[in-house]
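Here is a friendly note to read beside the model. Please keep the 3D view open and find each element as you come to it.

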Amino acid sequence: MNRDAIVPINHRLRILEILVEQSNEVVFWTDESGRILGCNKKMCERFGYEREELLKMCVADIDPAITPSSHQLLLKQLEKHETVSAQNELRSKDGILFAMNFDVHRIVIEDTVYLLTYGHELHWEKQLRDCVLLATASETPLNQVLSLIVELAEEARPGMIAFVALDDGTGKFRVTANQGLSQALIETVEGVGAVETVGMLRESLEKEVTVVIEDVHRSPLCASLVNEFSSMGVQTCWTEPIVSSDHQVRGVIVMLFREPTDATSYSRELLQMIARAVSEAIVKSRGNEFRRKNEIRFRSLAETTSEAIWTASPDGMFVAEQKSWEQFTGQPWESHQGLGWSNMVHEFDRDRIVAFWMGSLDQFKTVDLEGRVWHNKRKTFRYINFKAAPILHDGKVVEWIGKLVDIHDRKVAEEKFTKSQFILSQSQAVAGLGSWIWDFRSNRVQWSEEFSRLHGLKLDQREGDFDTLLEHCISADRPKLRKALQKTLESGEPRIVQYQISGPNGALRTVVSKTKFELNSAGRRCGLFGIVHDVTDAKQTEIDLQKSERQLRMITDSVPVMIAYVDLEYRYQFNNALYELNFNMSRQEMKGRHVSEFVGKDVFAIAKPNLDRAFRGLPTSFEQKLVFAKGVYQTLDIRMVPDFDLDKRVVGAFVLLLDITERRNLEREILDLATDQQSRIGQDLHDGTGQELTGIGMVADALLHKLTRRDAEEAEIAGKLCRGIKRALQQVRSVARGLNPVDVSPQGLVSGLTEMARSVEDLYGVNCQLLCQANLNIPDNLVANQLFRIAQEATTNACKHSGATEVVIQFTGDQKEVVLSVSDNGCGIKDIDHLFKEQNKGMGLRSIQYRARMIDAALSFSNRETGGTHVSCHVIFDPQEFNRENEQASASSETQFKET
């Protein structure tokens with residue numbers, strides 16, 4: 001029969017509740033978040049809280065060591081082991097810290113997890129040991145640690161006075177005691193050395209035994225201290241040597257009693273326990289001192305190195321401020337404590353690094369991983385190498401020490417190298433370029449993937465001997481390739497060889513091979529490096545290009561036009577046969593040379609603006625006279641056409657030079673004939689018809705006079721006849737002046753312009769003003785006639801089309817050059833750059849251009865800043881010819897004047 005069935009369930013629960021409530025151990029239970037759900041009376045008493053207050057608190061409120069990360073670690077440990085033991089310092093309501101041992105159990109009830117905790121205070125012996133560990137761990141001075149041990153010993157044995165006498169290393173004792181020890185006793189003990197000290201101390205030191213003196217007044221070992229013991233009321237004295245682990249006596253622990261006390265086993269054990277605690281405290285203190293020195297060295301090293309050095313607790317947390325980490329990342333202690341350091345890891349690496357780190361804590365192995373961490377000075381994430389090693393003691397991890405090594409530059413270099421290798425492989429595939437290297441020591445050849453693809457080899461076949469390279473070379477080319485290789489080995493000079501191979505599908509491919517020696521650190525040849533370039537397509541392209549170039553040469557050389565190509569740096573890149581013939585230089589000599597070297601600086605100054613216009617994508621044309629290398633003087637019609645690439649960018653210009661010297665000479669002859677004919681017709685009209693009309697006019701005037709005196713009716717008709725004859729005579733003279741507007745006299749052009757200005761005012765009602773330089777003669781009647789026609793056309797255009805109210809004709813110059821200009825205040829020309837396009841030129845513009853070309857004049861159109869148009873015609877004379885013609889004109893004028 002089941003005995004549990006005899007007791008009802010509610011009774012059993014009540015019994016358990018009473019047992020928990022009356023237990024001398026602290027009992028409480030929480031949920032997974034650490035919130036306190038229940039507790040017993042002992043917990044309320046020990047912590048000084050009411051039960052209602054505790055039920056509103058969390059474990060972290062009474063345990064300062066609890067952090068979110070450590071709580072999560074506790075939950076993970078409970079999932080593995082279900083029970084975890086720990087020792088923590090807890091805080092009571094009044095703020096006092098005390099040590100307790102805890103056993104935490106994980107209980108699951110109906111899918112709900114509870115944490116049941118049992119706590120009990122440590123025995124004073126444990127407190128003594130922990131006190132030593134805590135004091136030394138916190139680097140408390142040894143004197144204070146010993147005072148604490150003495151205090152605990154006195155608490156454990158009421159009525160006892162204890163002190164510690166230690167050898168300070170100079171043969172003198174130093175006493176550590178509490179308030180109960182007299183100053184006289186302290187001075188007596190410290191005043192003597194370890195050899196001549198009082199008997200009881202010397203006895204323990206020399207024999208390394210416990211000395212029990214039941215009556216200090218009768219024992220000779222205490223003779224020197226009887227007075228001090230009497231003043232303190234001491235009756236019994238125990239001494240225990242303090243022996244280190246290496247069996248060296250460090251000092252003596254002394255326990256004094258005011259009443260006779262038996263040397264029980266408990267007392268002896270207490271005395272030995274205190275001696276061991278003191279010995280341990282000495283060892284740990286000296287270890288602390290050694291550790292402090294090492295830590296100073298460690299910190300100095302950490303501060304001077306570029307690497308970040310850090311330490312962590314066994315559970316992987318930062319429990320102490322990490323100055324090196326803060327300097328590296330800029331993260332303060334408040335942020336990097338616990339697992340807060342992970343916030344400085346790049347979000348893409350954080351989960352991986354934290355998981356790997358937490359998973360490596362139980363393996364006791366060196367941790368090595370890479371990731372990106374924020375670098376405070378660089379203000380960016382950098383690749384670093386995490387390295388951490390466990391520090392073991394008694395088979396347990398007591399600490400982790402690690403460092404951060406900045407490997408960003410190496411990592412970036414590796415990534416660039418990997419990327420460059422990929423790009424190299426892809427570039428070789430695109431370019432049809434394979435490579436190989438021959439190691440002289442091993443006599444083995446390794447080649448690239450593209451080399452295998454070119455030669456039809458398996459892609460995983462990347463190594464062999466040198467004969468393997470020749471297997472796919474056609475048999476006819478193998479001797480040539482071997483011979484070239486032999487010459488390279490003998491002379492040390494790289495060679496380029498072209499040969500044919502059998503490609504992947506058996507088709508013949510043309511390749512070019514180039515070799516170069518590999519040198520070792522001593523500068524000696526250790527291998528041969530070569531590249532193989534598939535030029536089959538390039539070869540065919542070259543053949544097609546050569547064929548196309550021959551056809552282009554045949555076409556350009558057969559046309560009667562000089563053709564050249566000029567790049568954006570004004571250098572020749574191409575010219576045809578006629579261009580070579582005229583400049584008397586081969587195309588090879590002209591290629592790459594500047595245009596100014598052939599046409600001269602003066603002509604280049606005229607051609608450059610037109611070239612620049614073509615380089616802007618605008619076709620242009622102009623006429624220019626050139627004296628070629630053979631001394632031939634030619635008039636050229638020069639056209640410049642921009643050359644565009646596939647991206648519609650100008651990369652140069654085609655220059656076409658057409659010799660129009662004969663055309664211009666014929667035009668000039670025709671113009672001369674026409675001018676002479678016009679002058680002859682004008683002179684005939686003036687001398688013949690004009691004279692006839694003058695005579696008829698005189699007869700008509702006489703007739704009118706007679707009829708008027710007779711008062712005849714026909715007088716009115718005669719008057720009309722006279723007036724008609726005068727009008728006809730005026731029209732004849734006007735036509736004659738138009739056919740021959742400028743007299744051959746020196747002042748002919750000026751007088752013609754003056755008469756034209758008056759006619760413009762009469763005909764168009766426009767204020768027309770002539771500004772003429774005094775004594776300016778144009779001896780060439782053809783030039784004078786053309787200048788007059790240009791001024792006449794420009795003035796007429798201004799009056800008819802610009803809406804001008806004022807026209808100014810200006811005529812200036814000297815024996816070398818003259819300038820005739822016509823300016824108006826009209827609307828101006830809207831698109832001056834496209835004025836001379838064929839579709840935009842009217843008869844007036846064509847006539848002006850034609851007449852300017854006939855006299856080799858520079859013609860320009862521009863818009864005035866104040867409004868209106870400015871037309872300028874600039875004529876330059878040969879000084880010698882000008883003086884000769886001017887003298888002839890002056891002599892002719894003088895002759896005419898004398899004859900007149």
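1. Strands here are DSSP runs of E with at least two residues, helices are runs of H or I with at least four residues, and both are numbered from the N terminus. Two strands pair if DSSP finds at least two bridges between them. Within this region, Asp-368 stands opposite Lys-387 of β13.

2. A word on what you are looking at. This is a predicted model, in which local features need pLDDT of at least 70 and side-chain atom pairs count only at pLDDT 80 or more, while totals for chains, interfaces and linings use all residues. Residues are numbered from 1 along each chain as its sequence is written, and side-chain values use heavy atoms, with hydrogens and water left out.

3. Now widen the view to the sheet. It is an open sheet of 4 strands in the order β11-β14-β13-β12, with antiparallel pairing. Why is one side of β11 and of β12 left without a neighbour in the sheet? Both β11 (308-312) and β12 (367-375) stand at the edges with a single partner strand each, so one side of each has no neighbour there. From one strand to the next, the twist averages 30°. Angles run from 0 to 180 degrees between N-to-C directions, and axes are lines fitted to C-alpha atoms, for helices over the stretch in contact.

4. A helix packs on this sheet: α14 (residues 347-360) touches β11, β12, β13 and β14 (396-406), and its direction makes about 145° with that of β12. Contact means heavy atoms within 4.5 Å.

5. Look next at Asn-385, which is found in strand β13. Is Asn-385 buried or exposed? Asn-385 counts as buried, because its relative accessibility is 8%. The cut-offs are under 20% relative accessible area for buried, over 50% for exposed and partly exposed in between, with a 1.4 Å probe and protein chains only. A polar atom of the Asn-385 side chain lies 3.2 Å from the backbone oxygen of Leu-369. Leaving out residues up to four places away in sequence, Asn-385 touches several others, including Asp-368, Glu-370 and Lys-403.

6. There is another open antiparallel sheet to find, made of 6 strands in the order β17-β16-β15-β20-β19-β18. Its edge strands, β17 (463-464) and β18 (496-502), each pair on one side only. Strands β18 and β19 run antiparallel and are joined by 7 bridges. Tyr-499 has Val-511 in β19 as its bridge partner. Helix α18 (residues 478-491) lies across β15 (433-439), β18, β19 and β20, and runs at about 145° to β18.

7. What length does α19 reach from its first C-alpha to its last? Its 23 residues reach 33 Å, close to the 33 Å expected at 1.5 Å a residue. That expected span is 1.5 Å times one less than the number of residues. The buried residues of α19 are Thr-536, Arg-553 and Thr-556, and they pack against β19 (508-519), β20 (525-534), β21 (562-567), β22 (572-575) and α21 (587-590).

8. Glu-110 sits in the loop between β4 (97-109) and β5 (112-121), and has a positive phi of about 50° although it is not a glycine. Asp-711, in the loop between α24 (661-710) and α25 (714-739), has a positive phi near 60° and is likewise a residue other than glycine. Glu-110 is exposed, with a relative accessible area of 75%, and Asp-711 is exposed at 68%.

9. Lys-41 is found in helix α2 (residues 41-47) and is partly exposed, with a relative accessible area of 36%. Not counting residues up to four places away in sequence, Lys-41 touches Glu-21, Gln-22 and Arg-51. Lys-41 and Val-20 are 21 residues apart in sequence, and their C-alpha atoms are 8.6 Å apart in space.

10. Finally, the whole chain. It holds 29 helices and 30 strands, and 39% of its 900 residues count as buried. Among contacts between residues at least 6 apart in sequence, 49% join residues at least 24 apart.

Definitions and conventions. A polar contact is a pair of N or O atoms within 3.5 Å; within protein, one must be able to donate a hydrogen and the other to accept it, and residues adjacent in sequence count only if both atoms are side-chain atoms.
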